[in-house]
Every structure is written in structure tokens, then in C-alpha cells.
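Have a go at each one before reading its solution.

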Amino acid sequence: MNAVLRLGDVDKEAVIVLLARYGLQLEQVADNDSIPGSYWHEDEAGIIGLTVLARHDTPLHSILHESCHIICMDETRRAVLHTDAGGEYAEEDAVCYLQILLANLIPGFGLERMWQDMDAWGYTFRLGSAQRWFQEDADDARAWLIQHGLLTSNGDFIFQLRQ
């Protein structure tokens with residue numbers, strides 16, 4: 001098993017379709033090229049406006065994390081978005097929560113693998129793992145997504161960008 005699942009390990013079309021539901025585009029960068037808009041550089045996803053940039057070797061968790069930043073930020077920040085999503089602590093938690101949920105919409109990914117990949121990459125949570133945080137300590141992140149019109153109270157997705 002790879003340390004983390006990468007874009008080249010899944011059906012790229014499923015990722016494109018998922019992002020398009022939010023009005024986002026996935027732009028693939030040539031292997032070995034630098035990824036424009038990447039905050040972390042190396043193989044990590046980049047964000048510029050409504051575009052998520054990635055290579056074949058970009059981790060899926062990174063693509064979803066950066067996509068969720070775009071989804072969760074307001075229109076004002078999105079209009080000038082390039083590389084650094086910024087945002088507050090509560091929004092970051094919402095981003096992590098949403099990326100975990102969205103993993104279930106990519107065949108071959110899912111919650112369990114997302115939790116593993118987040119832990120392997122080094123996401124840090126008070127309870128020590130992504131799974132424990134999601135299951136035991138993320139009510140505030142879920143509430144944020146509901147409050148901002150990105151999830152229903154039943155946990156169904158609302159496929160739109162935060163206004």
C-alpha cells in the first residue's frame with residue numbers, strides 16, 4: 001500500500017466530476033513540473049481561483065483539502081485566491097471534516113483511507129487521529145458546514161460554494 005493514495009491511483013474523471021459539482025476545475029500539471037498555487041510545494045495540490053492544480057502524484061487528501069478550502073471560503077476571499085487559503089481555525093476544521101466526507105464520493109478512496117492518509121501525512125488532532133477527531137470531536141466542524149449552507153442537518157451535501 002502506498003503511504004497515501006494519489007490522483008494516479010484512482011479514476012481521475014471521478015475527481016473531476018466531484019469538483020465540478022461545486023463549480024471547481026481540476027487542472028493536471030505535467031509530471032515533474034512545479035504545481036502553481038501550491039502552498040506546500042513538492043507534490044501538493046495548488047489553488048488559484050476556482051482551479052485546483054495537481055499532478056499524477058498529488059495526494060488525493062491534498063486535492064480534497066485544497067478544494068474544500070475553496071468551497072468553504074467566502075466569495076471575497078475566493079475572488080483573490082492564489083496559493084494561501086487563509087481562514088480561521090473553525091473554517092480549517094470544517095475543511096477537514098468536509099474533505100473526509102467527500103472521500104466517500106471517490107471510488108476506491110472512502111472515509112477509512114482518508115483517515116489513514118491524513119494521519120500518514122501529519123494532520124494533527126487533539127485526540128491523536130483523524131478518525132477519532134471525526135467520530136468524537138468534530139461536532140463544531142459539522143455545525144459550521146450546516147450553518148454556512150454546505151451540509152443539511154441530516155448530513156446531506158449541498159453542492160454549492162459558500163456565499
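**Exercise 1.** Which residues does Q99 touch, not counting residues up to four places away in sequence?

*Solution.* A quick note before we start: this is a predicted model, where local features need pLDDT of at least 70 and side-chain atom pairs count only at pLDDT 80 or more, while totals for chains, interfaces and linings use all residues. Residues are numbered from 1 along each chain as its sequence is written, and side-chain values use heavy atoms, with hydrogens and water left out.

Step 1: find Q99 in helix α4. Helices here are DSSP runs of H or I with at least four residues, and strands are E runs of at least two, numbered from the N terminus.

Step 2: look for contacts, meaning heavy atoms within 4.5 Å. Q99 touches H61, L64, H65, C68, M114, M118 and Y123.

**Exercise 2.** Is Q99 buried or exposed?

*Solution.* Buried means under 20% relative accessible area, exposed over 50%, and partly exposed in between (1.4 Å probe, protein chains only). Q99 has 0% relative accessibility, so Q99 counts as buried.

**Exercise 3.** At what angle do α4 and α5 pack?

*Solution.* Step 1: take the axes, which are lines fitted to C-alpha atoms over the stretch in contact, with angles from 0 to 180 degrees between N-to-C directions.

Step 1: α4 (residues 89–103) and α5 (residues 110–121) pack at about 135°, their axes 7 Å apart.

Step 2: see who meets whom. C96, Q99, I100, L101 and A103 of α4 meet G110, L111, M114, W115 and M118 of α5.
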